[in-house]
Amino acid sequence: MTSGKSSVIHLTNKALKDLTLISDQTRTGVMDSVLDSIGLAIASGKYPEGASIPTEPELMEAFGVGRSSVREAIRSLVALGMVETAPRRGTVVNPKSKWSMLSRETMRWIMAGKVHQTELLGAIDEARLIFEPSSAALVARRATRMQIIGIETAFARMEDAAERGDAEAAVSADRQFHLAILQATGNPILEAFDAALDSVLGVLFSVTANHMENFRANLSNHLAVVEAIRRHDPEGAFKAMTDTIGFTTTRMKDAGLIE
């Protein structure tokens, strides 16, 4: 009898834990939805620099959520530098110079909001031209055999995606190729640029005409990067990566994505 009661208690405790887990997941999902909506509204210019976003009660009513979800969303926006709380003014939108531009959320909102997309893509392209050729040169000097195999594998996936005409796989393989090179530098700051690469490559494929043709045409430049790293040629790797990014820059200009 005691054993039966124990089993019931055990099952009850387990059920309570499951319900708590479901409740936590639901609460997180609600907060994410609120955060996504406010972040996109800011990035799209609905709430411009210096403007106050709606108050907590207004946001609670607009989204049909509790105070905790709104507060968690605002805390996340503060952490991303997009807003700050100001006495007697509530929550105020910060200048873009304070936004965490390497955050995946911030980039996603800017891309979706369109207003600042050209500016961001231009900045990413400029930054890539500064750090990626030097990263490739660094990797050519110090890459281990396993790291080189990782880069070769990513390039092989690019070739396979090009042959199959799979745009989604092409974006993924292209990103993995560049990220494999950044990771091979052993520099965590350079590795942090993976979000920027995601954005520029993803947008290029989504809006550029003949994107698979462009992808295939740029494979030779990527192969030149692989070969230079393979033979431990820093100068060759620097030039090949410069050519790779330059190709993308030209296509983005042709598509009107950057000036």
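## Contacts of R104

Leaving aside its neighbours within four places in sequence, R104 touches R175, D194, A195 and D198, where contact means heavy atoms within 4.5 Å. The C-alpha atoms of R104 and D198 are separated by 8.7 Å, although the two residues lie 94 residues apart along the chain. R104 is found in helix α4. With a relative accessible area of 39%, R104 is partly exposed; in this scale, buried means under 20% relative accessible area, exposed means over 50%, and partly exposed lies in between (1.4 Å probe, protein chains only).

## Basis of the description

This is a predicted model, in which local features need pLDDT of at least 70 and side-chain atom pairs count only at pLDDT 80 or more, while totals for chains, interfaces and linings use all residues. Residues are numbered from 1 along each chain as its sequence is written, and side-chain values use heavy atoms, with hydrogens and water left out.

## Overall organisation

The chain contains 12 helices and 2 strands. Helices (H or I, at least four residues) and strands (E, at least two) are DSSP runs, numbered from the N terminus. Read from that terminus, the order of the elements is α-α-α-β-β-α-α-α-α-α-α-α-α-α.

Of the 259 residues of the chain, 42% count as buried. Among contacts between residues at least 6 apart in sequence, 66% join residues at least 24 apart.

## Strand β2 and residue T91

T91 belongs to strand β2, which covers residues 90-93. Is T91 buried or exposed? T91 counts as buried, at 13% relative accessibility. Apart from its neighbours within four places in sequence, T91 is in contact with A51, S52, I53, I74, V83, E84 and T85.

The buried residues of α4 are T106, M107, W109, I110, M111 and G113. Just after this helix, K114 takes a positive phi of about 70 degrees, although K114 is not a glycine. K114 lies in the loop between α4 (104-113) and α5 (117-142). The relative accessible area of K114 is 53%, so this residue is exposed.

Which loop holds H232? H232 is found in the loop between α11 (219-230) and α12 (234-254). Its phi is near 55 degrees, a positive value in a residue other than glycine. H232 counts as partly exposed, at 42% relative accessibility.

## Packing of α7 against α11

Two packed helices are described by the angle between their axes and the distance between the axes. The axes of α7 (residues 167-184) and α11 come within 12 Å and cross at roughly 30 degrees. Here axes are lines fitted to C-alpha atoms, for helices over the stretch in contact, and angles run from 0 to 180 degrees between N-to-C directions. The two helices α7 and α11 are therefore roughly parallel to each other, a term for angles under 35 degrees; angles over 145 count as roughly antiparallel, 65 to 115 as roughly perpendicular and the rest as oblique.

On the side of α7, the contact is made by D174, F177, H178 and I181, and on the side of α11 by H222, V225, V226 and I229.

## A charge over a ring

The charged end of R251 sits over the ring of F247, 4.0 Å from the ring centre. This description applies if NZ of Lys or CZ of Arg is within 6 Å of the ring centre and within 35 degrees of the ring normal.
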